[in-house]
Amino acid sequence: MKNIAIIGSGPAGLMVADQLSDAGMKVTVYEKRKSAGRKLLIAGSSGLNITYDAPLEELVAQYGAPHEMWDKMIRAFTARQWRNWIEELGIPTFVGTSRRVFVEDMKAANLLKLWQERLVTQGVEFRFGTEWGGIAETKQYDATILALGGGSWEPDEKPLRWVKILKDLGIKFNDFTASNVGYQVAWPAKFLAESEGKPLKTIVLTSSRGSKKGELMVTKYGLEGTPIYFLGEAGEVRIDLKPDSTIEDLVTRLESAKENLSPMRRVQKMLKLSPVADSLIFHMTEPALLKSLTPSEMAERIKSFPLTLTATQPLDEAISSGGGVDWSELDENLRLKKFPKIYCIGEMIDWDVPTGGFLLQGCVSQAAWVAKAILGQ
Ligand SMILES: Cc1cc2nc3c(=O)[nH]c(=O)nc-3n(C[C@H](O)[C@H](O)[C@H](O)COP(=O)(O)OP(=O)(O)OC[C@H]3O[C@@H](n4cnc5c(N)ncnc54)[C@H](O)[C@@H]3O)c2cc1C
(Lines give C-alpha, C1' and ligand atoms only; values in the text may rest on other atoms or scores of the structure.)
Protein backbone atom coordinates (compact mmCIF):
# COMPACT_ATOMS: atom_id res chain seq x y z
CA MET A 1 0.00 0.00 0.00
CA LYS A 2 1.45 3.37 -1.02
CA ASN A 3 1.51 6.33 1.36
CA ILE A 4 0.25 9.47 -0.41
CA ALA A 5 0.15 13.14 0.64
CA ILE A 6 -2.25 15.53 -1.07
CA ILE A 7 -1.78 19.24 -0.44
CA GLY A 8 -4.94 21.26 -0.96
CA SER A 9 -8.56 20.25 -0.49
CA GLY A 10 -10.15 21.85 -3.56
CA PRO A 11 -11.93 19.73 -6.18
CA ALA A 12 -8.62 18.59 -7.69
CA GLY A 13 -7.19 17.43 -4.35
CA LEU A 14 -10.44 15.82 -3.21
CA MET A 15 -10.86 13.91 -6.48
CA VAL A 16 -7.35 12.44 -6.48
CA ALA A 17 -7.89 11.57 -2.80
CA ASP A 18 -11.06 9.71 -3.81
CA GLN A 19 -9.52 7.73 -6.64
CA LEU A 20 -6.44 6.70 -4.67
CA SER A 21 -8.18 5.84 -1.40
CA ASP A 22 -10.82 3.90 -3.32
CA ALA A 23 -7.96 1.80 -4.71
CA GLY A 24 -6.65 1.10 -1.20
CA MET A 25 -3.87 3.72 -0.86
CA LYS A 26 -3.18 5.42 2.45
CA VAL A 27 -4.08 9.06 1.78
CA THR A 28 -3.56 12.16 3.91
CA VAL A 29 -4.98 15.53 2.75
CA TYR A 30 -3.27 18.67 4.08
CA GLU A 31 -5.14 21.97 3.93
CA LYS A 32 -3.95 25.35 5.15
CA ARG A 33 -7.48 26.47 6.01
CA LYS A 34 -9.66 25.17 8.83
CA SER A 35 -11.99 23.37 6.43
CA ALA A 36 -12.09 21.91 2.92
CA GLY A 37 -13.07 23.29 -0.47
CA ARG A 38 -13.47 27.00 0.23
CA LYS A 39 -13.37 28.05 -3.44
CA LEU A 40 -15.77 25.28 -4.41
CA LEU A 41 -18.20 26.73 -1.88
CA ILE A 42 -17.69 30.21 -3.34
CA ALA A 43 -18.29 28.80 -6.82
CA GLY A 44 -21.55 27.31 -5.57
CA SER A 45 -22.80 30.68 -4.43
CA SER A 46 -23.38 31.70 -8.06
CA GLY A 47 -24.81 28.35 -9.32
CA LEU A 48 -22.43 25.38 -9.41
CA ASN A 49 -21.74 24.58 -13.04
CA ILE A 50 -19.91 21.24 -12.88
CA THR A 51 -19.22 20.47 -16.54
CA TYR A 52 -20.35 20.93 -20.13
CA ASP A 53 -22.55 18.52 -22.06
CA ALA A 54 -20.74 18.00 -25.37
CA PRO A 55 -19.08 15.24 -27.38
CA LEU A 56 -15.62 14.45 -26.05
CA GLU A 57 -13.69 16.09 -28.90
CA GLU A 58 -15.66 19.31 -28.51
CA LEU A 59 -15.01 19.35 -24.78
CA VAL A 60 -11.29 18.68 -25.22
CA ALA A 61 -11.04 21.49 -27.80
CA GLN A 62 -12.00 24.04 -25.13
CA TYR A 63 -8.72 23.49 -23.29
CA GLY A 64 -6.20 24.44 -25.97
CA ALA A 65 -2.56 23.44 -25.50
CA PRO A 66 -1.14 20.97 -24.79
CA HIS A 67 -3.93 19.35 -26.79
CA GLU A 68 -2.66 15.75 -26.62
CA MET A 69 -2.37 15.93 -22.85
CA TRP A 70 -5.86 17.36 -22.47
CA ASP A 71 -7.24 14.67 -24.72
CA LYS A 72 -5.78 11.96 -22.47
CA MET A 73 -6.77 13.70 -19.25
CA ILE A 74 -10.39 14.36 -20.21
CA ARG A 75 -10.69 10.76 -21.46
CA ALA A 76 -9.40 9.61 -18.05
CA PHE A 77 -12.52 11.11 -16.45
CA THR A 78 -15.12 12.31 -18.92
CA ALA A 79 -18.01 14.70 -18.31
CA ARG A 80 -20.34 11.68 -18.13
CA GLN A 81 -18.12 9.93 -15.56
CA TRP A 82 -17.95 13.10 -13.43
CA ARG A 83 -21.75 13.46 -13.53
CA ASN A 84 -22.21 9.77 -12.67
CA TRP A 85 -19.77 10.13 -9.79
CA ILE A 86 -21.75 13.06 -8.36
CA GLU A 87 -25.03 11.24 -8.89
CA GLU A 88 -23.67 8.18 -7.05
CA LEU A 89 -23.17 10.48 -4.07
CA GLY A 90 -26.94 11.04 -4.22
CA ILE A 91 -26.91 14.46 -5.90
CA PRO A 92 -28.95 14.78 -9.13
CA THR A 93 -27.49 16.82 -12.00
CA PHE A 94 -29.14 18.44 -15.00
CA VAL A 95 -28.20 20.04 -18.31
CA GLY A 96 -29.18 23.72 -18.25
CA THR A 97 -29.08 26.44 -20.89
CA SER A 98 -26.15 26.47 -23.32
CA ARG A 99 -25.35 22.83 -22.43
CA ARG A 100 -23.97 23.75 -19.02
CA VAL A 101 -24.39 20.99 -16.44
CA PHE A 102 -25.39 21.86 -12.88
CA VAL A 103 -26.02 20.09 -9.59
CA GLU A 104 -29.75 20.14 -8.87
CA ASP A 105 -29.60 22.48 -5.86
CA MET A 106 -27.10 24.74 -7.72
CA LYS A 107 -24.92 24.92 -4.60
CA ALA A 108 -21.69 23.20 -3.51
CA ALA A 109 -22.29 22.67 0.22
CA ASN A 110 -24.10 19.34 -0.10
CA LEU A 111 -21.67 18.03 -2.71
CA LEU A 112 -18.70 18.96 -0.54
CA LYS A 113 -20.24 17.41 2.58
CA LEU A 114 -21.05 14.09 0.90
CA TRP A 115 -17.68 14.06 -0.89
CA GLN A 116 -15.79 14.47 2.39
CA GLU A 117 -17.94 11.83 4.10
CA ARG A 118 -17.12 9.40 1.30
CA LEU A 119 -13.40 10.10 1.65
CA VAL A 120 -13.49 9.57 5.42
CA THR A 121 -15.30 6.26 4.85
CA GLN A 122 -12.51 5.29 2.45
CA GLY A 123 -9.94 5.99 5.19
CA VAL A 124 -8.69 9.42 4.05
CA GLU A 125 -7.21 11.49 6.87
CA PHE A 126 -7.62 15.29 6.81
CA ARG A 127 -5.11 17.62 8.45
CA PHE A 128 -6.60 21.10 8.45
CA GLY A 129 -4.76 24.31 9.36
CA THR A 130 -1.53 22.85 7.93
CA GLU A 131 0.31 24.88 5.33
CA TRP A 132 2.73 23.11 3.02
CA GLY A 133 6.28 24.02 4.06
CA GLY A 134 8.22 22.67 1.09
CA ILE A 135 10.05 19.73 -0.35
CA ALA A 136 11.32 18.33 2.98
CA GLU A 137 7.74 17.47 3.92
CA THR A 138 7.36 15.20 0.90
CA LYS A 139 10.19 12.78 1.79
CA GLN A 140 8.16 10.38 3.95
CA TYR A 141 5.57 9.81 1.19
CA ASP A 142 5.71 7.58 -1.86
CA ALA A 143 4.08 10.43 -3.78
CA THR A 144 2.96 13.98 -2.99
CA ILE A 145 0.27 15.65 -5.07
CA LEU A 146 0.18 19.43 -5.01
CA ALA A 147 -3.34 20.73 -5.65
CA LEU A 148 -2.80 24.26 -4.39
CA GLY A 149 -5.27 26.12 -6.62
CA GLY A 150 -4.99 29.30 -8.67
CA GLY A 151 -4.24 32.89 -7.75
CA SER A 152 -7.75 34.30 -7.34
CA TRP A 153 -9.64 34.79 -4.09
CA GLU A 154 -6.49 34.76 -1.93
CA PRO A 155 -6.50 38.31 -0.49
CA ASP A 156 -4.83 37.32 2.81
CA GLU A 157 -1.67 35.75 1.40
CA LYS A 158 0.27 38.04 -0.88
CA PRO A 159 2.40 36.82 -2.50
CA LEU A 160 1.39 33.17 -2.20
CA ARG A 161 4.11 31.40 -0.19
CA TRP A 162 3.93 28.14 -2.16
CA VAL A 163 4.67 30.03 -5.38
CA LYS A 164 7.93 31.27 -3.86
CA ILE A 165 8.79 27.74 -2.68
CA LEU A 166 8.39 26.40 -6.22
CA LYS A 167 10.24 29.31 -7.83
CA ASP A 168 13.13 28.87 -5.36
CA LEU A 169 13.31 25.21 -6.41
CA GLY A 170 13.88 26.39 -9.98
CA ILE A 171 10.38 25.54 -11.22
CA LYS A 172 9.31 27.83 -14.08
CA PHE A 173 6.20 29.63 -12.91
CA ASN A 174 4.17 32.10 -14.98
CA ASP A 175 2.73 34.78 -12.74
CA PHE A 176 -0.99 34.63 -12.09
CA THR A 177 -3.29 37.01 -13.96
CA ALA A 178 -7.01 37.60 -13.52
CA SER A 179 -9.23 35.54 -15.81
CA ASN A 180 -12.97 35.01 -16.12
CA VAL A 181 -13.22 38.38 -14.52
CA GLY A 182 -15.49 41.41 -14.57
CA TYR A 183 -14.47 44.62 -16.31
CA GLN A 184 -14.70 48.17 -15.06
CA VAL A 185 -16.86 50.77 -16.81
CA ALA A 186 -17.12 54.44 -15.80
CA TRP A 187 -20.90 54.44 -15.35
CA PRO A 188 -22.73 57.74 -14.84
CA ALA A 189 -24.36 57.84 -11.37
CA LYS A 190 -27.83 58.17 -12.88
CA PHE A 191 -27.40 55.01 -14.94
CA LEU A 192 -26.21 53.08 -11.87
CA ALA A 193 -29.12 54.34 -9.79
CA GLU A 194 -31.47 52.82 -12.37
CA SER A 195 -29.61 49.70 -13.42
CA GLU A 196 -27.13 48.42 -10.81
CA GLY A 197 -27.72 44.72 -10.12
CA LYS A 198 -29.90 44.29 -13.20
CA PRO A 199 -29.16 42.17 -16.28
CA LEU A 200 -28.79 43.15 -19.90
CA LYS A 201 -30.41 40.01 -21.29
CA THR A 202 -29.83 38.45 -24.71
CA ILE A 203 -27.15 40.75 -26.06
CA VAL A 204 -24.17 40.06 -28.29
CA LEU A 205 -20.83 41.43 -27.15
CA THR A 206 -18.18 42.04 -29.82
CA SER A 207 -14.53 42.80 -29.15
CA SER A 208 -11.40 42.29 -31.24
CA ARG A 209 -11.50 38.69 -29.88
CA GLY A 210 -14.86 37.83 -31.49
CA SER A 211 -18.60 37.93 -30.72
CA LYS A 212 -20.55 36.15 -28.00
CA LYS A 213 -24.25 36.08 -27.19
CA GLY A 214 -25.34 36.00 -23.56
CA GLU A 215 -26.30 38.05 -20.56
CA LEU A 216 -24.36 40.81 -18.80
CA MET A 217 -24.90 41.97 -15.24
CA VAL A 218 -24.53 45.67 -14.42
CA THR A 219 -22.47 46.12 -11.25
CA LYS A 220 -21.30 49.20 -9.35
CA TYR A 221 -17.88 48.93 -10.98
CA GLY A 222 -18.80 47.71 -14.46
CA LEU A 223 -19.99 44.47 -16.01
CA GLU A 224 -19.89 40.75 -15.21
CA GLY A 225 -21.13 37.83 -17.31
CA THR A 226 -20.12 35.12 -19.73
CA PRO A 227 -19.65 37.30 -22.86
CA ILE A 228 -17.26 39.53 -20.88
CA TYR A 229 -15.41 36.50 -19.44
CA PHE A 230 -14.92 35.12 -22.96
CA LEU A 231 -14.11 38.29 -24.85
CA GLY A 232 -13.45 41.15 -22.43
CA GLU A 233 -10.51 43.46 -23.16
CA ALA A 234 -9.61 46.97 -22.11
CA GLY A 235 -10.78 49.43 -24.74
CA GLU A 236 -13.90 49.86 -26.82
CA VAL A 237 -16.28 46.93 -27.25
CA ARG A 238 -19.66 46.88 -28.97
CA ILE A 239 -22.94 45.55 -27.68
CA ASP A 240 -25.80 44.51 -29.94
CA LEU A 241 -28.82 45.28 -27.77
CA LYS A 242 -31.27 43.65 -30.18
CA PRO A 243 -29.47 40.71 -31.79
CA ASP A 244 -32.62 39.05 -33.13
CA SER A 245 -33.61 42.06 -35.26
CA THR A 246 -31.85 43.51 -38.30
CA ILE A 247 -31.06 47.20 -38.63
CA GLU A 248 -33.77 47.40 -41.34
CA ASP A 249 -36.38 45.90 -38.96
CA LEU A 250 -35.48 48.42 -36.30
CA VAL A 251 -35.63 51.36 -38.72
CA THR A 252 -39.03 50.24 -39.99
CA ARG A 253 -40.39 50.00 -36.46
CA LEU A 254 -38.88 53.34 -35.36
CA GLU A 255 -40.29 55.09 -38.44
CA SER A 256 -43.74 53.62 -37.96
CA ALA A 257 -44.49 55.87 -34.95
CA LYS A 258 -47.18 58.28 -36.03
CA GLU A 259 -46.57 60.94 -33.38
CA ASN A 260 -43.71 63.44 -33.41
CA LEU A 261 -41.57 61.75 -30.74
CA SER A 262 -38.01 62.40 -29.57
CA PRO A 263 -35.54 59.70 -30.69
CA MET A 264 -35.45 58.20 -27.18
CA ARG A 265 -39.23 58.15 -26.76
CA ARG A 266 -39.47 56.50 -30.17
CA VAL A 267 -37.12 53.73 -28.99
CA GLN A 268 -39.09 53.23 -25.79
CA LYS A 269 -42.44 53.16 -27.53
CA MET A 270 -41.66 51.21 -30.69
CA LEU A 271 -38.85 48.77 -29.73
CA LYS A 272 -39.71 47.74 -26.16
CA LEU A 273 -36.09 47.05 -25.20
CA SER A 274 -35.36 46.09 -21.59
CA PRO A 275 -35.33 48.95 -19.04
CA VAL A 276 -31.54 48.48 -18.65
CA ALA A 277 -30.99 48.78 -22.41
CA ASP A 278 -33.15 51.95 -22.52
CA SER A 279 -31.24 53.33 -19.55
CA LEU A 280 -27.91 52.53 -21.23
CA ILE A 281 -28.88 54.34 -24.44
CA PHE A 282 -30.24 57.32 -22.51
CA HIS A 283 -27.37 57.81 -20.06
CA MET A 284 -24.45 56.69 -22.22
CA THR A 285 -25.24 58.85 -25.27
CA GLU A 286 -24.24 62.50 -25.40
CA PRO A 287 -27.50 64.46 -24.86
CA ALA A 288 -26.96 66.58 -28.00
CA LEU A 289 -26.28 63.46 -30.08
CA LEU A 290 -29.25 61.61 -28.59
CA LYS A 291 -31.63 64.39 -29.62
CA SER A 292 -30.33 64.45 -33.17
CA LEU A 293 -30.23 60.71 -34.01
CA THR A 294 -32.26 59.70 -37.06
CA PRO A 295 -34.09 56.33 -36.94
CA SER A 296 -31.38 54.75 -39.01
CA GLU A 297 -28.55 56.19 -36.85
CA MET A 298 -30.39 55.06 -33.72
CA ALA A 299 -30.86 51.55 -35.15
CA GLU A 300 -27.16 51.37 -35.94
CA ARG A 301 -26.33 52.47 -32.41
CA ILE A 302 -28.63 49.84 -30.90
CA LYS A 303 -27.05 47.14 -33.04
CA SER A 304 -23.51 48.26 -32.16
CA PHE A 305 -23.58 50.21 -28.93
CA PRO A 306 -20.07 51.47 -28.07
CA LEU A 307 -18.83 50.92 -24.53
CA THR A 308 -15.37 51.44 -23.07
CA LEU A 309 -14.06 48.79 -20.69
CA THR A 310 -11.35 50.48 -18.64
CA ALA A 311 -9.65 47.58 -16.79
CA THR A 312 -10.29 44.13 -15.32
CA GLN A 313 -11.41 43.68 -11.75
CA PRO A 314 -8.50 42.58 -9.53
CA LEU A 315 -7.19 38.99 -9.38
CA ASP A 316 -8.74 38.60 -5.92
CA GLU A 317 -12.17 38.89 -7.45
CA ALA A 318 -11.60 36.78 -10.54
CA ILE A 319 -13.30 33.41 -11.04
CA SER A 320 -10.02 31.90 -12.19
CA SER A 321 -6.46 32.81 -13.02
CA GLY A 322 -4.17 32.47 -15.99
CA GLY A 323 -0.57 31.54 -15.21
CA GLY A 324 0.82 28.87 -12.90
CA VAL A 325 3.38 26.07 -13.11
CA ASP A 326 4.68 26.00 -16.68
CA TRP A 327 3.75 22.84 -18.63
CA SER A 328 7.41 22.38 -19.57
CA GLU A 329 8.12 21.48 -15.91
CA LEU A 330 5.71 18.52 -16.01
CA ASP A 331 5.99 15.10 -17.58
CA GLU A 332 3.00 13.42 -19.23
CA ASN A 333 1.79 12.18 -15.84
CA LEU A 334 1.84 15.76 -14.43
CA ARG A 335 4.92 14.90 -12.37
CA LEU A 336 7.53 17.60 -11.77
CA LYS A 337 10.46 16.55 -13.96
CA LYS A 338 12.91 17.90 -11.38
CA PHE A 339 11.12 16.11 -8.48
CA PRO A 340 9.59 12.88 -9.80
CA LYS A 341 7.75 12.03 -6.57
CA ILE A 342 5.78 15.30 -6.73
CA TYR A 343 2.74 15.83 -8.98
CA CYS A 344 0.80 19.02 -9.73
CA ILE A 345 -2.92 19.16 -10.56
CA GLY A 346 -5.73 21.69 -10.90
CA GLU A 347 -5.66 25.42 -11.30
CA MET A 348 -2.07 25.76 -10.03
CA ILE A 349 -0.87 24.62 -13.50
CA ASP A 350 -0.76 27.21 -16.30
CA TRP A 351 -4.07 26.55 -18.05
CA ASP A 352 -7.25 28.50 -18.27
CA VAL A 353 -10.66 28.12 -19.85
CA PRO A 354 -13.80 30.23 -19.91
CA THR A 355 -16.41 29.52 -17.25
CA GLY A 356 -19.02 26.99 -18.22
CA GLY A 357 -18.04 24.00 -16.06
CA PHE A 358 -14.72 23.60 -17.89
CA LEU A 359 -12.67 24.60 -14.86
CA LEU A 360 -14.07 21.94 -12.54
CA GLN A 361 -14.04 19.33 -15.31
CA GLY A 362 -10.36 20.11 -16.00
CA CYS A 363 -9.48 19.81 -12.30
CA VAL A 364 -11.19 16.45 -11.72
CA SER A 365 -9.93 15.00 -15.02
CA GLN A 366 -6.34 15.92 -14.12
CA ALA A 367 -6.89 14.36 -10.70
CA ALA A 368 -8.13 11.09 -12.21
CA TRP A 369 -5.26 11.07 -14.72
CA VAL A 370 -2.66 11.37 -11.97
CA ALA A 371 -4.42 8.73 -9.87
CA LYS A 372 -4.25 6.32 -12.81
CA ALA A 373 -0.54 7.06 -13.22
CA ILE A 374 0.15 6.37 -9.55
CA LEU A 375 -1.95 3.21 -9.65
CA GLY A 376 -0.10 2.10 -12.78
CA GLN A 377 -3.29 1.89 -14.87
C1 LIG B 1 -16.92 33.06 -7.80
C2 LIG B 1 -16.45 31.78 -8.46
C3 LIG B 1 -17.34 31.03 -9.21
C4 LIG B 1 -16.90 29.85 -9.85
N5 LIG B 1 -17.81 29.11 -10.53
C6 LIG B 1 -17.39 28.00 -11.18
C7 LIG B 1 -18.33 27.17 -11.86
O8 LIG B 1 -19.55 27.38 -11.81
N9 LIG B 1 -17.84 26.09 -12.56
C10 LIG B 1 -16.51 25.80 -12.60
O11 LIG B 1 -16.13 24.84 -13.29
N12 LIG B 1 -15.61 26.51 -11.88
C13 LIG B 1 -16.03 27.60 -11.18
N14 LIG B 1 -15.12 28.32 -10.45
C15 LIG B 1 -13.69 27.91 -10.46
C16 LIG B 1 -13.42 26.71 -9.56
O17 LIG B 1 -13.95 26.93 -8.27
C18 LIG B 1 -11.90 26.49 -9.48
O19 LIG B 1 -11.40 26.34 -10.79
C20 LIG B 1 -11.55 25.24 -8.67
O21 LIG B 1 -11.98 25.38 -7.33
C22 LIG B 1 -10.04 24.97 -8.69
O23 LIG B 1 -9.82 23.79 -7.98
P24 LIG B 1 -8.39 23.44 -7.38
O25 LIG B 1 -8.60 22.18 -6.59
O26 LIG B 1 -7.36 23.48 -8.43
O27 LIG B 1 -8.07 24.64 -6.39
P28 LIG B 1 -8.86 25.26 -5.16
O29 LIG B 1 -10.29 24.93 -5.21
O30 LIG B 1 -8.47 26.68 -5.11
O31 LIG B 1 -8.24 24.49 -3.91
C32 LIG B 1 -6.89 24.68 -3.51
C33 LIG B 1 -6.82 24.38 -2.03
O34 LIG B 1 -5.45 24.38 -1.61
C35 LIG B 1 -5.36 25.05 -0.37
N36 LIG B 1 -4.00 25.55 -0.25
C37 LIG B 1 -3.43 26.56 -0.96
N38 LIG B 1 -2.16 26.74 -0.57
C39 LIG B 1 -1.90 25.81 0.38
C40 LIG B 1 -0.74 25.49 1.14
N41 LIG B 1 0.40 26.17 0.96
N42 LIG B 1 -0.82 24.47 2.03
C43 LIG B 1 -1.99 23.77 2.19
N44 LIG B 1 -3.11 24.05 1.49
C45 LIG B 1 -3.07 25.05 0.58
C46 LIG B 1 -6.40 26.15 -0.49
O47 LIG B 1 -6.77 26.65 0.78
C48 LIG B 1 -7.53 25.44 -1.20
O49 LIG B 1 -8.41 24.81 -0.30
C50 LIG B 1 -15.54 29.45 -9.75
C51 LIG B 1 -14.66 30.20 -8.97
C52 LIG B 1 -15.09 31.35 -8.31
C53 LIG B 1 -14.12 32.13 -7.47
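Modeller: Let us begin with the aromatic residues. Y52, Y63, W70, W327, W351 and F358 form one aromatic cluster. Please note that this is a predicted model, in which local features need pLDDT of at least 70 and side-chain atom pairs count only at pLDDT 80 or more, while totals for chains, interfaces and linings use all residues. Residues are numbered from 1 along each chain as its sequence is written, and side-chain values use heavy atoms, with hydrogens and water left out.

Colleague: How many aromatic pairs does a search of the whole structure find?

Modeller: The search finds 17 aromatic pairs. Rings of Phe, Tyr and Trp (its six-membered ring) pair if their centres lie within 6.5 Å; planes under 30 degrees apart count as stacked, over 60 as edge-to-face and the rest as tilted.

Colleague: Why is the pair of Y30 and Y141 called edge-to-face?

Modeller: The ring centres of Y30 and Y141 are 6.3 Å apart and their planes stand at 75 degrees, so the pair is edge-to-face. Y30 lies in strand β2 (residues 26-31) and Y141 in the loop between β6 (125-128) and β7 (143-146), 111 residues apart. Helices (H or I, at least four residues) and strands (E, at least two) are DSSP runs, numbered from the N terminus.

Colleague: What makes the rings of W162 and F176 an edge-to-face pair?

Modeller: Their centres are 6.1 Å apart and their planes are at 70 degrees, so this pair is edge-to-face. W162 belongs to helix α7 (residues 161-168), and F176 to strand β8 (residues 173-179).

Colleague: Why is W162 described as buried?

Modeller: Buried means under 20% relative accessible area, exposed over 50%, and partly exposed in between (1.4 Å probe, protein chains only). W162 has a relative accessible area of 6%, so W162 is buried. F176, at 15% relative accessibility, therefore counts as buried too.

Colleague: How do you know that the charged end of K212 sits over the ring of F230?

Modeller: A charge sits over a ring if NZ of Lys or CZ of Arg is within 6 Å of the ring centre and within 35 degrees of the ring normal. The charged end of K212 is 4.4 Å from the centre of the F230 ring.

Colleague: What makes helix α10 roughly perpendicular to helix α11?

Modeller: The axes of α10 (residues 247-255) and α11 (residues 263-271) come within 9 Å and cross at roughly 105 degrees. That makes α10 roughly perpendicular to α11. Axes are lines fitted to C-alpha atoms, for helices over the stretch in contact, with angles from 0 to 180 degrees between N-to-C directions. Angles under 35 degrees count as roughly parallel, over 145 as roughly antiparallel, 65 to 115 as roughly perpendicular and the rest as oblique.
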